[in-house]
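Dear colleague,

I am passing this structure on to you, and the notes on what was found in it follow below. Please read them with the model open beside you.

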Amino acid sequence: AKHPYGHPDFVSRMLELVKLHSDKNHDYAMGGPPLGNFERVSKIMQLYPDFPWATPHGAATVYMLKQFDAFMWQTKQGFEAKIEGAVPRLKDVTVYSQLIAIMLAGAAKPKTHKHQYVASYKDPLACCCVECGEIG
């Protein structure tokens, strides 16, 4: 055997992943650079440097952009997707947009919680809430 010390199922699992990667890359980048989806979405993100990307709704926006970019790329290139076609991608965009709307609506609501105070590591005589940081 070429690699006698690994688990016997390892190579077949890796080959399954190679096929999955190839099929997904077909849908995200066919006819363009292999990392094209990442490059195109990152260019959109660069247009909005002050957007709150590092928030839950920012992360959902990235996922939505990934799906929208895949739809746009498939439509522009005119190929049949192997994994997920145009309509399912647009459904994903719709789902992500509604999740973002829910997140934004939740962020607008005043947060109420029971304060849970712990001693501050900087000042053992001061306590702060573990959830909101309020000094108590």
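Phe68 and Phe71 both belong to helix α3, where three residues, about one turn of the helix, separate them; helices here are DSSP runs of H or I with at least four residues, numbered from the N terminus. Please bear in mind that this is a predicted model, in which local features need pLDDT of at least 70 and side-chain atom pairs count only at pLDDT 80 or more, while totals for chains, interfaces and linings use all residues. Residues are numbered from 1 along each chain as its sequence is written, and side-chain values use heavy atoms, with hydrogens and water left out.

Phe68 is partly exposed, with a relative accessible area of 36%, whereas Phe71 is buried, at 18%; buried means under 20% relative accessible area, exposed over 50%, and partly exposed in between, for a 1.4 Å probe and protein chains only.

A pair of aromatic rings is described by the distance of the centres and the angle of the planes. Rings of Phe, Tyr and Trp (its six-membered ring) pair if their centres lie within 6.5 Å, and planes under 30 degrees apart count as stacked, over 60 as edge-to-face and the rest as tilted. By this rule there are three aromatic pairs. Among them is the tilted pair of Phe51 and Trp53, with 4.4 Å from centre to centre and 50° between the planes. In that pair Phe51 is partly exposed, with a relative accessible area of 29%, and Trp53 is buried, with 19%. The rings of Phe68 and Phe71 have their centres 5.9 Å apart and their planes at 40°, so this pair is tilted.

Phe68 also lies 9.8 Å from Lys91, C-alpha to C-alpha, although 23 residues separate the two in sequence. Lys91 sits in helix α4 (residues 86–108) and is exposed, with a relative accessible area of 55%.

Turning to the packing of helices, the axes of α2 (residues 36–46) and α3 (residues 56–77) come within 10 Å and cross at roughly 120°, the axes being lines fitted to C-alpha atoms over the stretch in contact, with angles running from 0 to 180 degrees between N-to-C directions. The two helices are therefore oblique to each other, since angles under 35 degrees count as roughly parallel, over 145 as roughly antiparallel, 65 to 115 as roughly perpendicular and the rest as oblique. Asn37, Arg40, Val41, Ile44 and Met45 of α2 make the contact with Val62, Leu65, Lys66, Asp69, Ala70 and Trp73 of α3, where contact means heavy atoms within 4.5 Å.
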